[in-house]
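Student: I'd like to go through this model and ask what stands behind each label. Can we take the terms as they come up?

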Amino acid sequence: LMNKKLQVFVSSTYTDLIEERQAAVEAILDAGHIPAGMELFKAGNKSQLETIYKWIDDSDVYILILGGRYGSIEEISGKSYIQLEYEYAVKKNMPFFAIILNNTFLHVKASYETDDSKIFERKNIEQYKEFKKIVMSKIIKKIDNIDQISTAIINSLQDYANDPQVSGWVRSDNLIEYNYDKFENLVAFLKKTHAYTDGEIPVSQLDYFKLYAKNYLNGVSAKNNSALYYHFSGVLLYTGIVKDTIDSNTGDHILKMTENGFKFYQYIILNDI
């Protein structure tokens, strides 16, 4: 059971909790498990909500990070996406817990903004309050700073990984069988293809990908990591592990892990490659 891999769906509002989401993703990876969140994927031909529910269905644990905002509203239900995700996970009786940012933490975050509506809900206040009340009635962990996210997640995931009722990636055989030949060939290709560090030391692209997977989950740009963006990403782009996207707010090019790249990452984690 200690080697069981859990896929963990991370739910939160986005622009106000980017750093907190990144801390959660890193904690999940550090614990040896697999993060999933809707910022990684496009909806494709399905509706956004159908895609979200599919990823929750495929996950083992649901984590909500709740700050001071209610988030984007889904038009048909009139509820926010994070509330719909939360209600769906609870209805499925899947293992879940919520991390709630204390008011003092939120006020500190707001002090760095010129407009505190970026941190605190100003439009759908009553819906936010009602949702928070529902969340507070179940399993929660309040945090005072971002460093506490890692501890909360790692401790909780250890309990779930040791729980025989949580199946983990025992049920992922279909994914592995379906992609086995392709992924086996991709592993061989990346092992014999090399990237070079600043000291001109050759490193296999497979080792390089495993080392910097966190960066590609969150997005690599020329601004935030120029070395990765310009020098080491070509092979990953060629193989379709990452893709070039455009940030809708800044217009910057961002290299992000694709859905197939994410499945490949699941494969190498699951098989301890």
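**Labels and their cut-offs**

Tutor: Let's start with a pair of strands: β9 and strand β10 (residues 253-257) pair in the antiparallel sense over 5 bridges. Keep in mind that this is a predicted model, where local features need pLDDT of at least 70, side-chain atom pairs count only at pLDDT 80 or more, and totals for chains, interfaces and linings use all residues. Residues are numbered from 1 along each chain as its sequence is written, and side-chain values use heavy atoms, with hydrogens and water left out.

Student: What makes β9 and β10 a pair?

Tutor: Two strands pair if DSSP finds at least two bridges between them, and β9 and β10 have 5. Strands themselves are DSSP runs of E with at least two residues, helices are runs of H or I with at least four, and both are numbered from the N terminus.

Student: Why is T245 called buried?

Tutor: Buried means under 20% relative accessible area, exposed over 50%, and partly exposed in between (1.4 Å probe, protein chains only). T245 has 17% relative accessibility, so the residue counts as buried. T245 sits in strand β9 (residues 242-246). Residues up to four places away in sequence aside, T245 touches D252, H253, I254 and K256, where contact means heavy atoms within 4.5 Å.

Student: And how do you know that N93 is exposed?

Tutor: Its relative accessible area is 69%, so N93 goes into the exposed class. N93 belongs to the loop between α3 (81-91) and β4 (96-101).

Student: What is there to say about the phi of N93?

Tutor: N93 has a positive phi of about 60 degrees, although it is not a glycine. Most residues other than glycine have a negative phi.

Student: What makes β4 a mostly covered strand?

Tutor: Of its 6 residues, 6 are buried. F96, A98 and I100 point one way from β4, while F97, I99 and L101 point the other way, and all are buried. In a regular strand the side chains alternate between the two faces of the sheet.

Student: Which sheet does β4 belong to?

Tutor: An open sheet of 5 strands in the order β2-β1-β3-β4-β5, with parallel pairing. β3 and β4 pair over 5 bridges, and I63 has F97 in β4 as its bridge partner. On to β5: 4 bridges join β4 to β5, and A98 stands opposite I140 in β5.

Student: Why are β2 and β5 called edge strands?

Tutor: β2 (34-36) and β5 (140-143) each have a single partner strand, so one side of each is left without a neighbour in the sheet.

Student: Which helices lie across the sheet strands?

Tutor: Helix α2 (residues 48-57) lies across β1 (7-12), β2 and β3 (61-66), running at about 140 degrees to β1. α3 lies across β1, β3 and β4, at about 145 degrees to β3. For such angles, axes are lines fitted to C-alpha atoms, for helices over the stretch in contact, and the angles run from 0 to 180 degrees between N-to-C directions.

Student: Why is α1 called roughly antiparallel to α8?

Tutor: Helix α1 (residues 18-30) and helix α8 (residues 205-218) pack at an angle of about 150 degrees, with their axes 11 Å apart. Angles under 35 degrees count as roughly parallel, over 145 as roughly antiparallel, 65 to 115 as roughly perpendicular and the rest as oblique. That makes α1 roughly antiparallel to α8. The contact is made by Q22, V25, E26, L29 and D30 of α1 and K214, L217 and N218 of α8.

Student: And what makes α1 and α6 oblique?

Tutor: α1 and helix α6 (residues 147-161) pack at about 40 degrees, with their axes 9 Å apart. α1 and α6 are therefore oblique to each other. From α1 the contact takes E20, A23, A24, A27 and I28, and from α6 I149, S150, I153, I154 and L157. These divide into 8 nonpolar, 1 polar and 1 charged, where Ala, Val, Leu, Ile, Met, Phe, Trp, Tyr, Cys and Pro count as nonpolar, Asp, Glu, Lys and Arg as charged, and the others, Gly among them, as polar.
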